Each structure stands twice: as structure tokens, then as C-alpha cells.
There are 4 protein chains.
Amino acid sequence: MSIELVHDSYGKSAIRLVKVSRHGRRHEVRDLTIDVRLEGAFERAHTEGDNSMILPTDTMKNTVYALAKDHTMDPPEHFALALGEHFLGAAPAATRVHIAMETKPWNRITIGGRGHDHSFSGAGGARRIARISAGRGQQVAIEAGIEGLEVLKSSGSGFDGFLSDRYTTLPQTSERILATSISARWRYVARSESFGPTWHAVRQFLLETFAEHPSRSVQHTLHAMGAAILSQFAEIEEIHLTMPNRHHLLVDLSPFGQSNDDEIWVATDAPYGLIEATLRRADATR
Amino acid sequence: MSIELVHDSYGKSAIRLVKVSRHGRRHEVRDLTIDVRLEGAFERAHTEGDNSMILPTDTMKNTVYALAKDHTMDPPEHFALALGEHFLGAAPAATRVHIAMETKPWNRITIGGRGHDHSFSGAGGARRIARISAGRGQQVAIEAGIEGLEVLKSSGSGFDGFLSDRYTTLPQTSERILATSISARWRYVARSESFGPTWHAVRQFLLETFAEHPSRSVQHTLHAMGAAILSQFAEIEEIHLTMPNRHHLLVDLSPFGQSNDDEIWVATDAPYGLIEATLRRADATR
Amino acid sequence: MSIELVHDSYGKSAIRLVKVSRHGRRHEVRDLTIDVRLEGAFERAHTEGDNSMILPTDTMKNTVYALAKDHTMDPPEHFALALGEHFLGAAPAATRVHIAMETKPWNRITIGGRGHDHSFSGAGGARRIARISAGRGQQVAIEAGIEGLEVLKSSGSGFDGFLSDRYTTLPQTSERILATSISARWRYVARSESFGPTWHAVRQFLLETFAEHPSRSVQHTLHAMGAAILSQFAEIEEIHLTMPNRHHLLVDLSPFGQSNDDEIWVATDAPYGLIEATLRRADATR
Amino acid sequence: MSIELVHDSYGKSAIRLVKVSRHGRRHEVRDLTIDVRLEGAFERAHTEGDNSMILPTDTMKNTVYALAKDHTMDPPEHFALALGEHFLGAAPAATRVHIAMETKPWNRITIGGRGHDHSFSGAGGARRIARISAGRGQQVAIEAGIEGLEVLKSSGSGFDGFLSDRYTTLPQTSERILATSISARWRYVARSESFGPTWHAVRQFLLETFAEHPSRSVQHTLHAMGAAILSQFAEIEEIHLTMPNRHHLLVDLSPFGQSNDDEIWVATDAPYGLIEATLRRADATR
């Protein structure tokens, strides 16, 4: 019997990096968690235990810290591109490198209306994602994303006219709570100097579209959000959205002689609906 | 041999409540997770399986929803007081009731500088805690708190002059990253109409004190923060603070021929220092 | 500008099902967490808010419980196949259905060497995965897997002869702790009556190969484990393995005048190496 | 205004220690997570930033590793006692030291009925706890415990005859699923050479009592379990048990024309009942 190594990759995950940049008394803090992953001609490592083409994952970690000294993390996409280029050089057997970064946001602590020079509080909320994937002699794929963008609307969302069968007990509704935690990933057409402003603008467009769209389903709103991004940002050619439906159930207060006009709800974690889709500009290059 | 039931309690935890209040087109959302717990003369339930004095925890859950219909959650402390009073009445065997509430903050989505009427995004960051503990014929203890207030300062923090022994390898330092996730609980002197504004003011004082205090240790800063609260807020008689020391380690870049002037750090999760203390106004009633 | 819906899917996740089967006084317990997901011609739901082809995810949940009444969960793969077939019938717009199941194992509590009739303790450790993916008029893909199989070997593992560059500081080693949490997924050639015995046999082969393989790297051992499964089980045509390298670092005790002959280690969570590969029988059908 | 430092403590948490002991080719692995905490006269550190009496938490970590070299972790209680004694000596300002240890269990991988010399798999399930608390010139409190012991019984559990009010909708039942994750802590009368065998015997008694007790409530079974331990083990003087009620809800299949004779259940996470009690031998010393 013959066995084929169909696919393999290896790398270092969860490299924790905090960089403090000083501009006189004013400090900037960048807080990143970084994954490095290589694909390539590593078959003999698997089959023979031959490590001669394996750049250790410990070296990947060291390299991230060493390059962090000389590169800016603003925007993180540029640092990811620099890391990708470096690792293709450092590991001749690699045919492709993937870099993924999650930025934890910190806000300056505000005192008397002014941001403190070197003290910060955790911003919480959604995290910023930056990813690149680079092969040899190919265009680099640059992706950005947002993870854990929690939203809820208490009106403007219904779900009716759906397919029913003998197992359907869900009532039609024209008014419900719609709550989700948005995960988005989008691919840029090209390298840009404005990844930072674009990220913040995408975040705002996602929020506004969610808020204002008259929702007939999660699918309906998800598509509206994705389409809004592709319509607005020529530099983005594809977007993937994942939106779990965090169901809120109306409490039956009638046993206690009370009405409940869409007022008292139970938030539930499980089970949850899970909706995802990828939208692409029809003229995109791939 | 004789066995004594030294202590017991029971209740319902993680009751998830979302209340939507409508003021015309303008909605308010309150998102709470509530725990109810009773102590009292429940020994025969333990020893004999006699449930006649046991108010079911399912009833506790129902009661939270039913009372939520008729009470405001703003501030949550008042709703906690109402629940406490109710359960002492509903469970004659109970001698003490504990109510704990955690509020998940939602912000209005802002469009064109104006908060949307019924669409919200998760605020992330620290959560607000409200707790009451009430016995029969005793003063009610009212506590508030903040959980998960992440802060970091990249200057103004040292640690030196400490006790050394043969197992000490830590170098003295006058400059390090100080990072923690503050957990605070404080006890109010009395019921008040301003629990909400006080909570926000306490949060701001904790942040400001953390930012501006010239720290010689976590203990030093923790005490300064607690003392600032007790000095500033006459309505608070005791405060407990817990501050894990989320160590940031300076990366040794010398193998790569690079210097590292407090610039490149590794954030670590484990192990972590854990510092906690309770401060009380000397004239407090207990 | 034209926007294309490249891909979409929807479904219900985390459906929690416990089935108690009674054989006289002897009970069997099956504890499953189930995900249902559909792909197909749902574009108008996205673009128009037309729900007429959408089977609600609430109906999916109901269906899982209703069919659970009449089907056995032993093996879970058969229940997954039944669910898949049902949903292709219930949702005419669906072109593909995915069912995933995770089984939480419970052991009988043993008293005097005999398993109790109706009392169980959590088995902990690895969870069993079963997944099917079915299209219309196509062969059904049946996958099984194991998640969270933690293993550690304190000898028989080295890592040397690797590629070095200016950022490499890792020493060569012929003896280290190798620890990981194995995640495996394998695809069956065909439907079988022996999915249960095969699963347990695969688990045992993974453990034995990990234990006895003289490891020169995680890649080396991962490949040996995958090859062992494909060699041993003709009913399996492809296997994917993911193995994080949970690094254990030797503590430097020399400052305390102590030696450390591979005896005292720090277990670390982050960063971690991440190694994954897919192996396929060369004569596999796809 | 005068502010009093009512209570304070500090220490190091989550010290991760793996010790490999070699007996020829046969290895033993001990995998511990350790917390060290001191209380005492540390007021000037808080108020003045005077660190001269502060033993750094980094030194605590070093000390755990250094002492681990020369001490056995079998049983962990003895290592905890040694650490406690050491830290009272090393930190003259400390009046009390607390050591807590959690042991992660590893089983030998079995091949052909024989345990492998140096390869192990994660045992999962409940973790073993050992804790000591020592003051100067006082008896040391030695506690052991078990965390996360999951159990479920599908018969022999009811809940009826309870207190009802206008908010009670729960039906009486003489047959339900009772499921929980037991957390137990018990205090030993004195130091012993048999902490290990006792721990395993306590675990077995907890399981057997849970299995065989005709339960009228969680309180009823919890008390029976605690009483069984105190009756059986003269070396234990007090036990604390915490048992969340992981509710399983019977699915209503009647809309689908099906009966459900205690067969199809939904496992739920929230909300959950929470029952806890402390039992003490009436002749215990405190």
C-alpha cells in the first residue's frame, strides 16, 4: 500500500508581542498575538525524520521579536508582509507562508479630557485581524478582519414566510431581538497605505448597515452588510461574514397574570443558528 | 458519631435577563446575569429529604422574570434589593438572601453623531457588578463592583528594594510594564439614588489613580487606588481590590545584535502574581 | 457594480441531546452535541429577504429531537446519515447537508466490580466526533474523529539537525518531553456496521504509535501515526491530524546550585508549535 | 479620614510544574499547578511602597522549582507542607502561608496489557486538589479535594413536596435526570502517610453514594455524600461540597405525535441550580 502526504503545514502560534514606542514622554503601545505557518517541501521531515529543511518554530518566535524591533506594527498588515517575505527567504523549502495577527486594542486613560501619556485601559469589544498569505512569485493575498463585534437590535427584525414542515413549531414574527457576534474577513485588491483608516471605516459600515437594515432574516442582513462593504470600498474584492444567531426568547409571563409585549427576554447560548456567506465583486481577479 | 450541618446555601445561578424598555421609538436595553442564593433553616431538606421549606430554584428564575416586568434595572442595586425583599417573604425558612447581578454594557450604534434608537453594539471591557445580602431585621449590605477592568502602564512603575534570598534572581527595576485586570467590590453605607453615577465615578477614579500613581509595587498602587476611593466617596465604607500581575518580560535581543530599551516585550499569562487587599474607612460601622 | 454570492451556508449549532434507553433496569445514556448545516440555492433569502425556501433552524433542532426518538445513536454515524437524508428531503433548495456530532463519554459507576444500572461518571479525556456530508445523487462522505486526545512522552523524542539561521537559539536535543493534544479526522471508504469498534481501535493505534515511535520531530511522529492508521484500517482512506506542540521547558536550576537532569520542567501554553498534515491512501477514490 | 488595611495577601498563582522521576527505564510524571500566597505584616509595602519585607513572587516561583528537585510530589500534600514551612522561614513578615496544588492526572498508555515505561495519556475527568494553610506556632490545616467530578443518574432521583407560590410552575416529579459536577474539599485531622489512598477512597465513596442514594433533592444527596465521607474516614473532620444542578429538560415531542417516556432530554448550561454545604464531625476540634 502506498500513502500520500496530501497536505501539511507547520508553524508557531500565539506569539505574544507588546511593543512600546516612545515619542518623548508620549508612548504608543501595540499588543499583538501572531501566528506563523509554512507550507512546502517538508515531506522528508515527515517520512524520514530529516529536519534539515525545518526552520524551528522557536526560531520563528525569535524572528518575530527581532523584526518587531525594526518594523512598525501600524498597520499590522505591513508587519505581516515583512514577516512573510522574511520567512520565504529563511526557509527555502517553504512554498507558501501564512501570517495571522490579532491586535488587542488599548485606549489611553483620559484625565481631564486629555489622553494619558503612558497609561491605557483595555478597549474590549472587537479585535482587529490582519493576515497575509504569500507564495513564491505570486501575488500576496492580504486580508483584514474583525472578530467578536457584538451587536443587538431590539426592533427592525422579523422572520416569517419560511418553509414549514411537520417539525416546525416556530411562530412567524415581524418583531424580535436580533443579536449576533460578527466575524468578518475581507481581501484587499492590493497593498495600501490606508489599511488602518479602512479597517475603522469597514467597522462603522458594518455597524450602520446592521442598525438600519430592515431585517427579514440573518441571511438578509448579512448579505446587506457584505454588499455595503463591497459597494463602498473599491480596495476590497471579497468579504466573508459569519454571524451566529444568539437567540433571545420571549418569556411567557401569562402564568403570573402578566403580559409581555416584547419586553422581557431570555438570552440563550445554545443551540444557536449559524449563518455564513462569502460575497465577491463580480469583476474580482479570482 | 454525630455530624453537624455547619453551613449550607442553595439558589439559582446564571439567570439571563434582557429587558427592552420602549420610550416611543427610543429603546433602552438592560442585559443582566443574576444569581439568587438563600441561607437558612433547610436542615431537614438535607437530612430527611423534606422539601416542604424549599422554594424551587426554578421558581426563583420565574420570579426574577416576573419582577423584572414591574421593576427598573436602573440602577441594578434597586432591583437586587426588591428581589431580596421578595425572597425573604417567599421562603420563610430563609434567614438570609444574596442577590448578585452582572450587567453587560451595550452602547448605542452611532450614525452621523447620533445614537441609534434601537441598535446597539457590545461595549466590551469591564462589567458592572451589583450585590445585596439581606437578613431578617438587619441592615442590608449593598455592594457594587467592577470586573475585568484591564489597565496597562508602560512607565511610572518600578519594583526594587525587595527581600532577597538564595532563590531570588529577579533584577531590581525602576521601569517596567505594569498590567493587570482590576476586580473591585465596594460596600455602600446606605441605599442611594445615585448608584449609577457613583459607579462611573469610581471607575474613573480607579483609572486615574492607576495612571498617575508612581508605583513601587502592585501593593503600593492597589492601596493608593483603594484609598482614593474611600477618600473621595463618603458613601463607600469598604473596598476590596484584586489585581493579578500580568507580567510582561523584556525580550533578550542581544543574540541578534540588537538592543532592547524597554521596547519589545512578551506578555505572559502564567504564572502570575496575585495581589489583593481590603481597605475600610476607620469609622465604618463594621 | 455586480456582487456575487460565492458561498453560503446556514444551520443550527450546539443542539444538546441526551437519550436514555431503558433495557429493563439497565439504562444506556447517549450524550451528543449536534450541528446541522445546509448549503444550496438560498440566494433569494440573502438578496430579497425571501424566506420561502428556508427551513428554520428551530425546525432543525426539533427534527433532531424527534428523529432521536426513533433512531439509535450507536453508532452516531448512522444517526448522522439519517439526519442528512431527512434534511435533503425537508429542504428542497438544499444541495448539500453537513451533520457533525460530538459524543461526550460517560462510564458506569463501578460498585464492587459491577457497573451500576443507571449511574454514570464523566469519562473525561478525548471526545468522539462523527460527521457526514451528503449531496444529492452523490456518495456520502462519512468522517469520524477524535478531539482532545492528550498525550505526553518523557523519553524517546528528540529534535536536531534542523535548519539554523541568525535568529536560531534553540539547542539541539536528543531527549525532551513531547506533549500534545491530538485532533484527528478520518474518512471512511463506505458505510459500515463497525464504526464503534473501529473508532476505539483507531484511538488505541494512535496511542501506541505515539508511545513507541522514536520521534525526531512532531512531523515525524504525526506521519507515523497517520500512516499506521491507513496501513491498519482498509476502511479508512484519508486521515487528517493536528498536533500542537505543548512545549515543556527545562528549568535552569544552576543559580541555586542544583543540577537538572531532564527532571524539572515548566509546562507552557503559549506560544505553541502547530503541526498538521493530511495523509491519503494512494489508491483512494478522491 | 483614617483608612484601615483590613486584610491583604499576595503571592504567585498558576506555577506550572512537571516533574519526571526515573527509576531505570520506568518514568513517573507529576503534573502540578501551584499557587503560593502569603498574609502578614505587609502594611508598609501598601502605604509607603517599602518593599523590604516583600519576598518577590518571582522568587516564590523559583523556590517551587528548586524544592521540587529535592521533594517528592507523592503525595502533593507533603510537598505543600514543605513549601509552607519554607516560605514562613523565607518571609519573616508573613504570619500565614497558603499553598494550593492541582494535580493533572496522566495514565500510562497500555500496550498489550502493560503500561508503557514513559508514554502517558491525559486521564481527563476530575482533578486532585491539595491545600495547606500554616501560621506560626499553630496547627497546620491540611485540605484535600476533588474538582470537576461529573456524575449523572437517569433514575433514582425525584423532587416533590416543595414549597409553592404564585411563581411556581415546576411540576412535581419522582423521576428525573440528576446531573452535576461535584466539587469537594475536606480537612484532615492530622498529617498522614496515606493521603493518596484516602483521596482515591473518598472519590469512590462519593461516586457510590451518588449512585445508590434514593435522591429527593440535590441537598438530600449532597448531605448523604458528605455524611458518608465523615462516617467512613476518621481522618477527615470536615467536608465542603458544591454541586451545581445541571438541569436536563424533557423534550415535548407531542407536537410531532410522539410520546417521550423520560427518553429524550435537552442538557442545559444556564441557568443552573447551585447547592453547597459544609458538614463537620460534631467532635471536631474547630
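Student: In strand 7 of chain B, which residue is the bridge partner of A:Phe120?

Tutor: The model is a predicted one. A bridge may pair strands that belong to two chains, and here A:Phe120 has B:Leu152, in strand 7 of chain B, as its bridge partner. The pairing comprises three bridges between strand 5 (residues 114-122) of chain A and strand 7 of chain B, and the two strands run antiparallel.

Student: How many residues of chain B are in contact with chain A?

Tutor: An interface is read by listing the residues on each side. In this case 47 residues of chain B are in contact with 48 residues of chain A. Several elements of chain B give two or more residues to that side, including strand 2 (26-40), strand 4 (106-111), strand 7 (141-153), helix 4 (195-212) and strand 11 (264-267). The largest share, six residues, comes from strand 5 of chain B. By class, this side of chain B has 25 nonpolar, 13 polar and nine charged residues.

Student: By what turn and what shift can chain B be laid on chain A?

Tutor: Chain B is laid on chain A by a turn of 180 degrees with a shift of 0.0 Å along the axis, and the RMSD is 0.0 Å. The two copies are therefore related as by a two-fold rotation axis. Among the residues of chain B, B:Gly124 comes closest to that axis, its C-alpha atom lying at 2.1 Å. The interface agrees with this reading: 100% of the interface residues of chain B are also interface residues in chain A, so the copies meet through the same surface.

Student: Which element of chain B gives the most residues to the side that touches chain D?

Tutor: Here one again begins with the contact lists: 67 residues of chain B are in contact with 67 residues of chain D. Elements that give two or more residues to the side of chain B include helix 1 (43-48), helix 2 (57-70), helix 5 (218-232) and strand 12 (272-281). Strand 1 of chain B gives the most, with 14 residues. This side of chain B divides into 31 nonpolar, 24 polar and twelve charged residues.

Student: How many bridges join strand 12 of chain B to strand 1 of chain D?

Tutor: Ten bridges join strand 12 of chain B to strand 1 (residues 3-23) of chain D, and these strands run antiparallel. Within this pairing, B:Gly273 has D:Lys12 as its bridge partner. The superposition of chain B on chain D takes a turn of 180 degrees and a shift of 0.0 Å along the axis, with an RMSD of 0.0 Å. The same surface serves both copies, for 100% of the contact residues of chain B recur in chain D.

Student: Let us turn to a single residue. Is B:Ala179 buried or exposed?

Tutor: The test is a count of neighbours, with 20 or more other C-beta atoms within 10 Å as the cut-off for a buried residue. B:Ala179 has 26 such atoms within 10 Å, so B:Ala179 is buried. B:Ala179 lies in strand 8 (residues 178-188) of chain B. Beyond its neighbours within four places in sequence, B:Ala179 is in contact with B:Leu152, B:Arg246 and B:His248. B:Leu152 is also the bridge partner of A:Phe120.

Student: Which residues have the most contacts inside the largest nonpolar core?

Tutor: In soluble globular proteins, nonpolar side chains tend to be buried together. The largest nonpolar core in this model has 307 residues, and those with the most contacts inside it are A:Val64, B:Val64, C:Val64 and D:Val64. Leaving aside neighbours within four places in sequence, D:Val64 is in contact with D:Ile15, D:Leu17, D:Ile34, D:Val36 and D:Leu83.

Student: Into which domains is chain A divided?

Tutor: Chain A is divided into domain 1 (10-138) and domain 2 (149-280). The centres of domain 1 and domain 2 of chain A, taken over C-alpha atoms, are separated by 31 Å. Six residues of domain 1 of chain A are in contact with five residues of domain 2 of chain A. The side of domain 1 in that contact has three nonpolar, no polar and three charged residues.

Student: How many helices and strands does chain A have?

Tutor: Chain A has five helices and twelve strands. Of the 286 residues in chain A, 47% are buried.

Key:
Residues numbered from 1 in each chain as written. Chains lettered and ligands numbered in written order. Predicted model: local features only at pLDDT ≥ 70, side-chain atom pairs only at ≥ 80, totals over all residues. Contact = placed C-beta atoms within 7 Å. Helix = DSSP H or I, 4+ residues; strand = E, 2+ residues; numbered from the N terminus. Nonpolar A, V, L, I, M, F, W, Y, C, P; charged D, E, K, R; others polar. Pairing = 2+ DSSP bridges. Least-squares fit on C-alpha atoms with pLDDT ≥ 70 in both. Buried ≥ 20, exposed ≤ 12 C-beta atoms within 10 Å, placed from the backbone. Domains from an automatic or database assignment. Core = buried A, V, L, I, M, F, W, Y, C linked by C-beta atoms within 7 Å.
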